[in-house]
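Please look through the structure shown here before reading the briefing that follows. The notes are grouped by topic, so that each point can be checked against the structure in turn.

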Amino acid sequence: MLKDEIKAGESASLEFKRDVPKDHLKFLKTVVAFANCNGGRIVFGVDDDRSIVGTDEFESFKIADRIVDTISNRCKPLISVNTEVTSVDGKTVIVIEVQNGKRCPYFIQSLGKENGTFVRVGATTRLADEMTIRELEFAGAGRSFDEEICPGLEITDKDVAKLCARMFRVAKENCEEPAERKMIRKVTASQLEDWGVLTRVGKKLAPTYAYALLVGWRRFGGLVQCGVFRGETKATFLDHRDYDGSIIDQIDSAYTYILSKINVGIEIVGTKSVDRYEIPPNALRELVINAIVHRSYLNPRAMSVQVALFDDRLEVTTPGGLPHGMSVDMMREGHSIARNRALALACRYMHIIDAWGSGIPRIDKLLVSSGLKALDVEDNGIDIRLTVWRKSGAAQVSITTQETTQETTQENFATQEIGERILQLVKSNPKITTVDMARALGLTRDGVNYHLRAMKIKGLLRREGATKNGIWIAMA
C-alpha cells in the first residue's frame with residue numbers, strides 16, 4: 001500500500017518530491033537513474049520528512065501530463081513511464097512510475113551521455129562514472145564485455161588445446177561422485193566459441209577477454225588482494241597476499257589463504273575427527289568464486305577483488321556494482337544475471353559455479369546452520385561488499401567431544417593429527433584420491449585439500465605424475 005511505503009521512506013525504487021521543481025533536472029536525474037537500474041517511482045506531493053503535503057487536486061492530471069512530456073522531450077533514449085493520480089490521507093499525490101529500461105544508457109540530453117547518465121545506489125541518485133556507462137552500454141546492446149576480442153593476445157591451436165585440457169581436468173576434479181565425473185565431456189574449440197570464450201574473425205578464431213581471464217594473460221586481468229588485519233579497521237596489517245594468474249588459480253589461492261587464516265578445530269564424532277571451521281569452507285569458497293567470476297573487468301588494473309579478515313568479520317569486496325536489472329533482494333532470492341556471460345558458462349562447465357544463481361542463498365544457509373548471521377550485502381555503486389560476521393572476534397572455537405567441550409585454536413594438535421593420518425593413508429595407497437581421503441578422514445574435499453597444500457608447503461608430501469594417474473609420495 002502506498003501509504004505504508006511512504007512511511008517506510010525513500011529507497012532504491014522510491015523517491016519523494018514536495019512539488020514539481022522549476023529546475024526539472026532535480027527530478028529528471030532520478031528518472032534516468034531508475035531507467036538505468038531496476039525502475040522505480042517518484043511520488044510528487046510528499047516531503048523529505050515523509051509528510052504528505054499533496055498537489056493541486058484540480059490541476060494534478062495536467063501536472064502529470066507535463067511531467068511526462070518533460071521526460072519524453074529531455075531524456076534519451078525514450079523512457080517508458082506510467083502515471084497515477086491518487087489520494088493518500090485525503091490529499092492528492094502524483095505517482096510517476098519509471099520502467100526498467102532495455103536501451104541503456106539513458107541520459108539527460110542537455111547534459112550529454114558523459115555528464116547526464118545517472119544510476120540509483122540505495123536511496124540516492126549518483127552520476128555514473130565511465131566504467132558504469134560502459135557496463136550500461138553492453139547491457140543495452142545485449143552483449144557481455146568478456147565476449148569482446150582481447151586486443152594484443154595471440155593464440156595458437158596448441159594454446160587452445162591446452163586450455164581445453166585444463167578445463168576438462170578441473171571439471172572432473174570438481175565432481176563429487178564418480179558417476180558425475182563420467183558424464184563430463186571434453187571441451188573443444190567449437191564449444192569455446194559457442195560460449196564466447198573464442199570468437200570468429202573471418203575464418204580464424206580469436207581470443208576474447210574471457211579467454212584471457214581463463215589462461216591468466218598478464219596484460220589483462222585483475223588481482224585478488226587478501227589481507228589479515230588486527231582489530232576492526234585496516235590500520236594494522238598482520239599479513240597479506242596478492243594473487244594474479246588465471247581466475248582458476250586466483251580462486252584456489254585466495255580460498256586457501258583465507259581458509260588457513262580462520263580458526264579451525266575438530267569435532268570427535270564416534271571414532272572419527274571432523275574439521276570444524278569457524279566459517280564453513282563451502283561458504284567461504286562460494287564467496288571467493290562469486291567475487292572473482294562476477295566482478296567487473298572493464299578496468300581490471302584500477303580495482304581488485306579484496307578479501308579482508310578482521311577480528312570481528314570477513315569482508316569480500318567485488319569491483320563493479322550490481323549488473324543491470326539486478327537488485328540486492330533479487331540476489332538474496334537466488335536470481336542471477338551474469339555480468340561475464342562467457343566466463344560464467346566456462347565456470348559452469350568446470351563445476352565452479354552452478355546454473356541456478358543459488359550461490360548467495362546457499363552461503364546464507366551454510367552460515368546460519370553454523371550459528372552465524374546471514375550475509376550483510378552492501379551495494380556501493382562502484383562495488384559490492386559481502387560481510388560475514390565472526391563470533392566474538394573468533395579468537396577461539398569450541399571443540400566438542402561426546403563427553404566434554406574444550407577450547408583450542410588454529411595450528412593446534414588437530415592439524416598435526418590429520419596430517420599424520422593423511423601420511424598413513426598415502427603410505428598404504430599412494431594412488432589414493434582426495435575423495436577417498438575425505439571419506440576416510442570424515443572431512444570435506446576442501447578440508448582435505450587445505451591440509452594437502454599445507455603439507456606440500458612444509459615438504460611433508462609431494463605429488464608425482466598426472467592428476468588422474470599420479471601418485472602421492474610421503475617425505476616423512
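**Aromatic pairs and buried rings**

Tyr257 has a relative accessible area of 6% and is therefore buried. The model is a predicted one, and a search of the whole structure finds nine aromatic pairs. The points below begin with these rings and then turn to the nonpolar cores, a strand hairpin and the cysteines.

- In one of the pairs, the ring centres of Phe229 and Phe310 are 5.1 Å apart and the ring planes stand at 15 degrees, so this pair is stacked.
- Phe229 belongs to strand 11 (residues 224-229), whereas Phe310 sits in the loop between strand 15 (305-309) and strand 16 (313-319), and the pair thus links distant parts of the chain that are 81 residues apart.
- Phe229 counts as buried because its relative accessibility is 6%, and Phe310 counts as buried as well, at 1% relative accessibility.
- The rings of Tyr243 and Tyr257 have centres 6.3 Å apart and planes at 65 degrees, so this pair is edge-to-face.
- Because Tyr243 lies in strand 12 (residues 237-243) and Tyr257 in helix 10 (residues 247-261), the pair ties together parts that are 14 residues apart in sequence.
- Tyr243 is buried too, since its relative accessibility is 17% and the limit for a buried residue is under 20%.
- Elsewhere, ring pairs join Phe138, Phe145, Tyr209 and Phe220 into a cluster.

**Charges over rings**

- Arg285 lies over the face of Tyr255, at 5.2 Å from the ring centre.
- In a second case, Arg463 lies over the face of Trp472, and here the distance from the ring centre is 4.8 Å.

**Nonpolar cores**

- In soluble globular proteins, nonpolar side chains tend to be buried together.
- The largest nonpolar core holds 81 residues, and those that touch the most other members are Met167, Leu192, Val197 and Leu314.
- When neighbours within four places in sequence are left aside, Met167 is in contact with Val187, Leu192, Trp195, Leu214, Ala346, Tyr349 and Met350.
- Another core lies apart from this one, and its 30 residues include Ala33, Ile94, Cys104 and Val119.

- Strand 17 (residues 376-379) and strand 18 (residues 383-389) pair in the antiparallel sense, with four bridges between them.
- Glu378 has Arg385, in strand 18, as its bridge partner.
- Three residues lie between the strands of this hairpin, in which Gly381 takes a positive phi near 85 degrees.
- Asn380 is found in the loop between strand 17 and strand 18, and Asn380 counts as buried because its relative accessibility is 18%.
- If residues up to four places away in sequence are not counted, Asn380 touches Val121, Arg126 and Arg385.

- Cys37 is buried, with a relative accessible area of 15%, and Cys75 counts as buried at 1% relative accessibility.

Methods. Residues are numbered from 1 along each chain as its sequence is written. This is a predicted model: local features need pLDDT of at least 70, side-chain atom pairs count only at pLDDT 80 or more; totals for chains, interfaces and linings use all residues. Side-chain values use heavy atoms; hydrogens and water are left out. Two strands pair if DSSP finds at least two bridges between them. Helices (H or I, at least four residues) and strands (E, at least two) are DSSP runs, numbered from the N terminus. A nonpolar core is a set of buried Ala, Val, Leu, Ile, Met, Phe, Trp, Tyr and Cys residues joined through side-chain atoms within 4.5 Å. Buried means under 20% relative accessible area, exposed over 50%, partly exposed in between (1.4 Å probe, protein chains only). Contact means heavy atoms within 4.5 Å. Rings of Phe, Tyr and Trp (its six-membered ring) pair if their centres lie within 6.5 Å; planes under 30 degrees apart count as stacked, over 60 as edge-to-face and the rest as tilted. A charge sits over a ring if NZ of Lys or CZ of Arg is within 6 Å of the ring centre and within 35 degrees of the ring normal.
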